[in-house]
Amino acid sequence: MLHSLGVHTLQLLTQAAACILLFPRFLLTAVMLWLLDFLCIRKKMLMMPTAEEAASASEGPPPDDPPVCVSDSNRMFTLESLKAVWHGQKLDFFKSAHVGSLAPNPEVIQLDGQKRLRILDFARGKRPLILNFGSCT
């Protein structure tokens, strides 16, 4: 039980440290999303013709041109986008592969389920090891 408590405490401290380190990056990204959203909305509103211009124009917008409207469905600065940014930054922070460092060497189980090896155990000499994560669908 004491070991379990230590593991949970270590995980909690790791998560807290990650939050402290990621928060400035997250705030910067959130501000950039807000500015981009603001600029896009401003552009749409400024480009929107007035009622007189719309009445004087004999032709309408091209049929494939989407209607100019500002709603929650076409905004970038939403709670869902902020959650996605936070999740992406956490994944990037906790990833095991980093540019310039050694490749991760996770454990794999062979198809028969009997033998456990590491991925780099399959490398032979100076030949590169190629992993194909293809799909049959």
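A residue is called buried under 20% relative accessible area, exposed over 50%, and partly exposed in between, using a 1.4 Å probe and protein chains only. K95, at 39%, is therefore partly exposed. This is a predicted model, where local features need pLDDT of at least 70, side-chain atom pairs count only at pLDDT 80 or more, and totals for chains, interfaces and linings use all residues. Residues are numbered from 1 along each chain as its sequence is written, and side-chain values use heavy atoms, with hydrogens and water left out.

**Salt bridges overall**
- Side chains of opposite charge can pair when their charged atoms come close.
- Searching the whole structure turns up three salt bridges (a side-chain nitrogen of Lys or Arg within 4 Å of a carboxyl oxygen of Asp or Glu).

**The pairs around D92**
- D92 pairs up with R25, and their closest N and O atoms sit 3.4 Å apart.
- Because D92 is in helix α3 (residues 79-94) and R25 is in helix α1 (residues 2-47), this bridge ties together parts 67 residues apart in sequence; helices here are DSSP runs of H or I with at least four residues, numbered from the N terminus.
- D92 also bridges to K95, with 2.9 Å between the closest N and O atoms.
- D92 is partly exposed at 34% relative accessibility, and R25 is partly exposed at 38%.

**The R116 and E107 pair**
- R116 and E107 meet through their side chains in a salt bridge, 3.1 Å from N to O.
- R116 is exposed at 54%, whereas E107 is partly exposed at 45%.

**Joined up**

Definitions and conventions: Helix = DSSP H or I, 4+ residues; strand = E, 2+ residues; numbered from the N terminus.
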